[in-house]
Every structure is written in C-alpha cells, then in structure tokens.
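Biologist: I'm new to reading protein models. Could you walk me through this one?

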Amino acid sequence: MTNRTVLVLLDPATEVRTSVLELLTIARGLGRVEAVALEAPTVEVLAQLGAYGVETVRQAQPARDGASVSGDERHLPAVVAAGLAAAVRLTDADVVLLPTSFAAKEAAALAAHELGAGLVIDAASVREQGGRIVAGKRVFAGSWDTECAVTTDVAVVTVRANSAVAQPAAAAVEPVTEGFAVEVAPSPVKLLSREVKSDTSGRPPLDQAAVVVAGGRGTDGDFGPVEDLADALGAAVGASRDAAFEGWWDTYVGQTGVTVAPRVYIGAGISGAPHHRGGMQASQVIIAVNSDPEAPIFEICDFAVVGRLADVLPQAAAEIRKHKG
Amino acid sequence: MRIVVTAKYVPDINTERGFEDRRVVRNAGDGTLNELDENAIEAALRLVEAERESGSIGPQEGEVVVITMAGPDGDVALRKAFQLGVDRGIRVSDDALAGSDYFGTAAVLAAAVRKLGEESPVDLVVTGMAALDGLGSVIPTLLGAELGLPTLNLAKKVELAGRVLTITRELGDVTEQLSGPLPAVLSVTDTANQPRFPGFKLIMAARSKAIEVWSPADIGIDPAVAGTAGARTETLSAAPRPERAEPEIVTDKGEGGVALADFLIRNDLV
C-alpha cells in the first residue's frame, strides 16, 4: 500500500449510492481513502463508509463573503469544486474520484482548474503505474479502449458507474467526521430553484443499474412490457431518444442522455442508431428484441429475438419470475 | 448582441472512428461539424434574431462568430456553420496545438474570445453540451473559468431578459433554474432547440465565404500551454476492442420470450 491519499466525493451525504461504493473500492486500491461531503453524513451513511474503509469524512463548511452557503446552494458545482480543492490542499491528497454525472463533471473540471490538476472524464478503470495515476476509458461507442497517465501531482478523475464491483474493506473502521472551512469565490450566478424528483418506482437509478431494459419506437408508446420485464429482473428502465422525445418515457439512453454500461442491457423496439449505441455499447451483455431483422442493433448484440416485443417481453418476464420462484 | 460560438471538427459518428499513433484520426472526408454545436449556433442565432425583432438592436446589428481550434480540415465545420447563417468563422491553427487536453483547448478558445473582445465587446459565448468524439462536456465550464465569466451549463431552456440570462436544466433527477448577467458562458443541450436547415442562398454563399485563420501569436498565447507539451495527461495506448462474437438470434414463433429468459438464466445473469 502506498501513502497516497485518495478523496472520494460524497454528494449528497444522506445516502451512499452504489456508484460511490464502487469509487471507494477503486480508491482503496490506490491508497488511504477519505470522503468529502458538503453536509453532515447520517449515522447509516457513516457505518457504510466505515465498512468500505473510509477513515475520515471531511465535511466542507462553505462560506461566501462571510455568509455560510447553505441548503441547495451547497450542491452547486462551483461550491462542490471549492470544497474538493480545499480538501485536497488540507489533506495533501493525490487523487480525487467523482462519479460521472453532468454535475460531477462540472465540479471535477472546476476543481482541477483551481488545482492545476490533470483531469480524466468517464474513466472505466483507475490504477497506479510507475508512481502515476493511469485511467482507462472506453471510447467511440465502446469500440476502442484508451489509457492515459496523469502527469500532474494531483489527478481528478470521474469514473463511470459499473466500472468496479463494490467490495467492502477487509476490516471495517469507524470514520471520524472533521469539518473544514471553505471560502467560495463570489459568483453572480443565482440558483432560482432546485427540485429533486422523487423516484417512487422502487427501481435502481438508470445510470447505476446492473441491468437495464430500454424501450424505443417499437413500443408505440406502451412501456408496460418494458416495465414488466425490468421489474422481473430488478432492472432500471430507459428509452431511446426518439421515444423520450415522443414523451413516452422521461430518461433516455444515448450519448447525450444517460450513458450506461450495465452487466446486461436489453433493448426492445430500438433500432440502434449511432446516438443510442454511443450511450450503451460499453454494456457487458447486449440483448435486442426487434421485429425488424435488419435493425442495426443486431450487429452489436450477443443475443437477439426477432419478434414483437409485446409478445416476447411479458413471456420472458413470466419465465424469469418462475425461475426465481 | 455579439455572440461567439465555439465549434469542434469531429469524426462523423456514422463512420468507422479510430486512433492512429494514439491520436484520433481526423480525415476531411469523414469529418464534420460536431452535431451538438448546431444547437449552440441555433441558440445564438435565435438570441440575435429576437433582439432584432424586438427592435433593441437594428436589423443589421448583432453578430454571431464561430471559432474553432483545428487544422485546415476543420474548415469543413466552419463552412457548415456558415450554411446555418453565422456571420464570421475563425480557425485557430498551429501544429503545436495538436494533442491539447481539456485545459489547453479551453485556454486557446478563451484567448480567441478575448481577442474578439478587444475588437468590440463579446456579450455571450455559447457552446454545445459536448463534442461527440470525446464526450467530456467540460469545455464550457473551463472556458467560463478561464474567462472569469458566469457560466450557465446544459440549458434545455434559455431566456434573456435585458442583460440577465435565465436557464432551466435537468441533471438526472434534479431540475434547476439558474440566472446570471451578461457577459456569460452558456452551454445548451440537444433538446434546447431544433437546429434550422440551411437555405439555398446560405449554402451557395458559404462556399466562398472567407475563413479567418489565427495563430497562437495572433491571440497572444504561448502554444506551449496547449498541445501535447501543455497537456496534463499523456495517452499511453489506444486499441480497438475485439469484435463481439456472432450473436445468437432467435426468431419468435411463440417461444421467443422463453428463449430470452433461458439465455439470461444459463449465463447466470438473473
């Protein structure tokens, strides 16, 4: 084990998402792990962090012009970035790991800019080689693998969900929460409103799910069979961009939507246009259900059914429920 | 209203994309204007057009300038921007700029914006949400940081009232409304607008419209801050992924769903 210090962003600090557990697992392979939060972690969160080997939680106390930054403002990328940069200076950390959401990318870029640090976005792996941090990326819709080394002292890396299997530490520790002051630069940008959509579906978040079932134009607007199969598998539901633009489903998989790389991806009634493939082609196993045997998605899948999704999906769901007992 | 749009020349996503000598292959034949930059151009044009319609500027006033950092092949991207109706196209070019990382790219683009600002004030910089080759999505953020301007990212809705810009953005399960005063940096998503189709007159005019080429010296920047020399990351390898094995394809004759479930079960994926 090196004496490297690795900071992992924990935002929000009211829950530990699977993507954060994956980050903590990767971080432990690189050095000593600390978490950076913008609010007080709950008791449950602390216990989970301890199980994953986090010794210290650094809780940023951001202030701007002498006034404390509180509430929703704390989640603004500029505030998160100021917290991360200050935490790096405080702990003399070498690596900062973040998940790969748009908000986290913004915070990562600002923190790296402030620190003069090298930045890697959307890494699929992070390792140490010859004293440098080396990050792997899967690019061009999953068709190429690249690796790059960070040449600066500090590396800021956003890591894609499902890049590692979350593993608790060999021995749990009891994390200590330590506050630290952060001066946030004045900004004329005002947060007028912030709404968090509460998800009552009980399904895993699309960007973090191990199994994804997505529906496209072929659903004709009926996502019932897609949801049915997803629920039989404990999967997240997504859509193609076309289907989302039709208003049939909220979130879409694609290179400008949510990028997914689950263990299993099932595309139903999705032709597999380049835009969509760019958001899912890095999936481990790809399954397609489409009535058109010429659909381009068949070129990149491992298993396919040529048929009507309204027939195939419910039958598969019933069979899986039977198997699960 | 004077708006600068940053654009990128990228390999067409419908072509076979790849690397050569650890660099992205950029051929004139397979290269194009990053599709997401069309949304940025559309947003910029609409803002200028709205000002003209409201009478707050004259019918000949207002300007949209597109800048790109690229080799000569990048003119393809600027010609496309001309077809959409932008007024000026500038390419910042130098062999030493090749291999720039996010920070080098942002530093060069910011220097070009500052140079334009010396001619006459720039009110707004608009970018797309990402470039479809790298998909990093961080250039607008870094551009704002370099220029010291308020940055409003990933707008799906843009409103300008006087000199205050208000955007709505959706980040996963969060919806935010943010506002900031001009001058500012704005990035727009692919749902912000529907880019226009080029008109015949503009297509014809775009062929012969002059492209300005600026060197690092022209914009007062040391090329060593960008390019491979200034990069904070070094690409070690780039290799094509092995082709997927031939897929197993079942035609549904009443048992397609059972076959799908069986595939998942026998591969231990349930």
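Here are some questions and answers about how the two chains meet.

Modeller: This is a predicted model, where local features need pLDDT of at least 70, side-chain atom pairs count only at pLDDT 80 or more, and totals for chains, interfaces and linings use all residues. Residues are numbered from 1 along each chain as its sequence is written, while chains are lettered from A and ligands numbered from 1 in the order in which they are written.

Biologist: Which element gives the most to the side of chain B that touches chain A?

Modeller: Two residues are in contact if their C-beta atoms, placed from the backbone, lie within 7 Å. The contact takes 68 residues from chain A and 62 residues from chain B. Several elements of chain B each supply at least two residues, including α4 (139–147) and β12 (174–181); helices (H or I, at least four residues) and strands (E, at least two) are DSSP runs, numbered from the N terminus. The element that gives the most, with 9 residues, is α7(B).

Biologist: Which residue in β15(B) is the bridge partner of Thr146(A)?

Modeller: Two strands pair if DSSP finds at least two bridges between them. Strand β9 (residues 144–150) of chain A is joined to β15(B) by 7 bridges, and the two run antiparallel. For Thr146(A), the partner in β15(B) is Ala238(B).

Biologist: What are the edge strands of the open sheet of 4 strands?

Modeller: The order is β12(A)-β12(B)-β11(B)-β10(B), with antiparallel pairing. β12(A) and β12(B) pair over 6 bridges, and Ser193(A) stands opposite Gln177(B). An edge strand here pairs on one side only, and the two are β12 (190–196) of chain A and β10 (157–161) of chain B.

Biologist: What distance separates the centres of domain 1 and domain 2 of chain A?

Modeller: Domain bounds come from an automatic or database domain assignment, which gives domain 1 (5–183) and domain 2 (211–324) in chain A. Taken over C-alpha atoms, the centres are separated by 32 Å.
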